[in-house]
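Walk through this model from its chains down to single residues. Keep the sequence and the structure side by side as you read.

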Amino acid sequence: MTDGSSTADGASTEAPSAGRSRPGGRVSSGFGRYLFKHVGGAAVSLLLVLFSSFFIFRLIAGDPIDQLTRERPVSPEERAAMRAELGLDQPMWQQFWDYITGTLTMDLGESFQYRRPIFDLIVERLPATLILSGTGMVLAVVLGFWIGTRAGWKQGTRFDKGHVATGLLLYSAPTFWLGMIIILVFARYLGLFPVNGMRSPSTPPDFWSQAADIGYHLVLPVLTYTAVVYAGYLMIMRSSLLDEIGSDYLTTARAKGLRDDEVRRKHAVPNALLPTVTLVFLALGGVVNGSIVTETVFSWPGLGSLFVQSIFYPDRPVLQALFVLFSSSTILAVLGAEILYWFIDPRIRRSG
Amino acid sequence: MNPHALMRRCLSAAAALLLSAGALAVAAPSAAAQENDTDSLLIATDQEVDTFNPFKRRFVITYNTSLMTYETLVRMGADYEPEPGLATEWEESEDGLTWTFTIREGVEWSDGEPLTAQDVAYTYGLLIENQAIRDWNIDFAGNLVSAEAPDDTTFVLTLAQPSPWDVLTREVFVVPEHVWSTYPDPSADDANQLPLVGSGPFQVTEYETGEFITLEANEGYWDGAPGFDEVVFDYYEESDAAVAALEAGEVDIVSGLNPAQIGALEGQDGITVNNAQGRRYVSLTINYNSVTKDGTEFGDGHPALKDPIVRQAMHMAIDKQELVDTVLDGNGQPATSIIPEIFEQYHWDGGDAVLDFDIEAANALLDEAGYVRGDDGIRTMPGTGEPLSFRFYQHADSTDYATIAQFVSEWWAELGLEITPEAIEQGTLNDLAYLGEFDIAFSGWGVGPNPTEQLGMHTCAVLPTLTDGTERSSENNYCNAEFDALHEQQKVESDPEARAELVREQQRLMYEDTPVIYLYYQNVLEAYNSDKITGMTMQPSEGGMITGQQGYAWAYVTAQPADAEDEGGTPMWVWIAVAAAVVVVAAGAIVFVLQRRKTADERE
């Protein structure tokens, strides 16, 4: 334990030093400096994530061996053999060093529960997550923006009120509960869709059969996922549009004789889009994280359900790797948004 | 744009979609029937595969796949009696050190090669010579001296110490030498590659993490080909989803249910609920003897707990039947000892020695022993005057334990004990328990058919040698020389009845010493699709369980497909519905765009 805290101090002194090196580089052009600043910030965040991931999951108490030997009496020799195999007999600094060097070289170690390389596990499960949250995210963004724009434009109408109410109701519904209700209605009682999983074991292995089967299994999870998150985009789009709605340039556009539709599409929406860019980029980062709850309810074999299983286990190496993966995808997505801002928002260019 | 018009359009498009989907759904069953002529037995599971290596598996799921893929020399019968498996007969030498098995003739591996005594000798040889495999199985392998096959049907095993029950009940899964000898490291977790080659009724052929494990029937199985063509373990992370899948006919066997789920399933057409005696006990461990082998005390258990009178009084103040009724909804039995009722040959039911629930008598016991009540009603220890104030730890993830803790705390409060219940996360609780830093804590184990395993966790021999709580071999640091003597005797007693007598005597001793209070034995709650499956052999055969069988997969091997329609694969209507949806959406979009164009001018 003392080992652990001394290394923890080591980590926290090291991280700012990485930040301190920032001003050292001298970059002349405005964009260069802007880019450097944000890339540097992202790098510091990544390092902090990398270091903290090691310690966060060591806070989960308990001996991993207890899980491996559940319901079975074991001798101390067996215990020792397991410790050695999982690398738990190594001193803390050695484990830390292995973790850092391993993560940087994409050798993420072995999972306690699966006894397989974590890298393989992630590669195996990533497509499932991308399919589910990718589809859900696109639907949610399109739906949210589409309804949000119209609701904002016609603020106070029944269309507006109805959609805001429905959206918020679904937004506040617990995903778990909503998923169960959807399962009960569409799978259990109507029998239209499968309850669970990504495909059935009896589906022929050829591409088209597999694709159709996955599409068939995808409907309910995507429905759940989209229903829960689309309201977020709806509300942001709606309020951004409301900010613009009284602006003089819109009056000017109308005065030019443009149709209402065109005023909205060509003038109001582009200006209202700015705040939502961040949201979309965050969403892109979130595609990797998947939807932990939706995946769990539907036993969708993605990274989210892997994360949940690993927490219950607790499968420390997997948690570490996923935490780093999830955080870095978000960090990189935000970085992407910041870089994009430079091009789409003139104010940033001016303030340099 | 007029919002009402938009709403109407959206609604009519949605209605069109639903109508077409609905119409197709009606037509679905007829289209689905043609697809599939494989009889699959689908079992819901939520546990991941650690390794298919039968020497190293740790999880219940891989125990089950090993049990079906491979076989043992001696099989565990449906009523937990040893019966011939790969060995047709066996003989123990006079000194108990040499065992001679006759290996069944005509058995083939699933790849068609013959199984001989050489394969058996190779398998036991791995336990003796492969260091890693030996370490993993040291409690059994440490006692093995040699494994030889003088001819194709004879296998001779030599032991260091007599140990008949370990030899008969220890599951050593016999592996094919012609396959395993080609593996670079037979002890590796990924040693054996799919499809597995075994001699059992089903072999693992396919595994997708988090999705399914498929086992194909061994058509040439020496004991007759199984009724189903394949067994599939299908992943359901949520048990409510698994129940819905059972109701929808997507999965055939669901286990680990709670009383509410059982209640909802009971009486449904085509679903049979199996409420069977279980192998699991729930108990309260009392920290009365945190001491190492050489006598060093550790931890901070309350000194009053060292007094057996206090422990017995606490035991008497628990109404176990009430706990079964309220916590388990009646699905269990009050417990007396470490061996559950399901193993009736070994279970000790207490007879006249059972302490009945009697708070008054318990109070009298404490009064007599000099634990007087203070002004606040809390008893104090004679001499030191320390109040009887105990920490009571429960696992935070169990609502059952929370209810029990509430009941028991109230009963104990009536004894004049001050109880502080606390819910603690499982890992932390284990750490504290093995460090001896608690007073009373919950525990529970699933018990196997060989009582030596559980009893062995209560001998002086497994007391810790260190005080850091890392060894974790002793369940509660129980140490009683008389108990140990009985334990050594029962381990070598070949006569089943004489052995059972010794085992019962061990349980009686533990009941008197009360290091642990056994609360109840929990039933196994499971349900299956009885329209699809018939003829499953339960374990035990009368009123026994389906999942959680030991020593042989009786239920899955004996299950026969009843004639009911098959469902599986992607129904034909999905293809049609997808096409229809695309058409509807495309048409809707075109109409929408056209309308917009047309009315745009009018709207201004």
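Domain bounds here come from an automatic or database domain assignment. For chain B that assignment gives domain 1 (40-252 + 532-575) and domain 2 (279-524). Two conventions apply throughout: residues are numbered from 1 along each chain as its sequence is written, while chains are lettered from A and ligands numbered from 1 in the order in which they are written. The model is predicted, and local features need pLDDT of at least 70, side-chain atom pairs count only at pLDDT 80 or more, and totals for chains, interfaces and linings use all residues.

Start with the two domains of chain B. Their C-alpha centres lie 35 Å apart. Domain 1 of chain B puts 15 residues into the contact, and domain 2 of chain B puts in 11 residues. Contact means that the C-beta atoms of two residues, placed from the backbone, lie within 7 Å. Which helix gives the largest share of the domain 1 side of chain B? Helix α6 (residues 164-169) of chain B does, with four residues. Helices (H or I, at least four residues) and strands (E, at least two) are DSSP runs, numbered from the N terminus. By class, this side of domain 1 of chain B holds seven nonpolar, six polar and two charged residues. Ala, Val, Leu, Ile, Met, Phe, Trp, Tyr, Cys and Pro count as nonpolar; Asp, Glu, Lys and Arg count as charged; the others, Gly among them, count as polar.

Now set the chains side by side. Chain A has 15 helices and zero strands. Chain B has 19 helices and 19 strands. Of the 352 residues of chain A, 36% count as buried; of the 604 residues of chain B, 45% do. Buried means that 20 or more other C-beta atoms lie within 10 Å of the residue's own; exposed means 12 or fewer, and partly exposed lies in between, with C-beta atoms placed from the backbone. Take the contacts with a separation of 6 or more. In chain A, residues 24 or more positions apart account for 74% of them. In chain B, the share is 67%.

The chains also touch each other. Chain B gives 60 residues to that contact and chain A gives 54 residues. The chain B side divides into 22 nonpolar, 18 polar and 20 charged residues.

Residues 214-236 of chain A are 100% helix and 0% strand, with end C-alpha atoms 32 Å apart. Residues 318-344 of chain A are also 100% helix and 0% strand, and their end C-alpha atoms are 39 Å apart.

Back to chain B and its strands. One open sheet has four strands in the order β4-β5-β7-β6 (chain B), with antiparallel pairing. Two strands pair if DSSP finds at least two bridges between them. Five bridges join β6(B) to the antiparallel strand β7 (residues 154-159) of chain B. B:Glu148 has B:Val156 in β7(B) as its bridge partner. Helix α3 (residues 117-129) of chain B packs on this sheet and touches β5 (98-103), β6 and β7 of chain B. Its direction makes about 165 degrees with that of β6(B). Axes are lines fitted to C-alpha atoms, for helices over the stretch in contact, and angles run from 0 to 180 degrees between N-to-C directions.

Finish with a helix and a residue. Helix α8 (residues 239-247) of chain B is mostly covered, with eight of its nine residues buried. After α8(B) comes B:Gly249, with a positive phi near 80 degrees. B:Tyr528 lies in strand β17 (residues 516-529) of chain B. B:Tyr528 counts as buried because 26 C-beta neighbours lie inside 10 Å.
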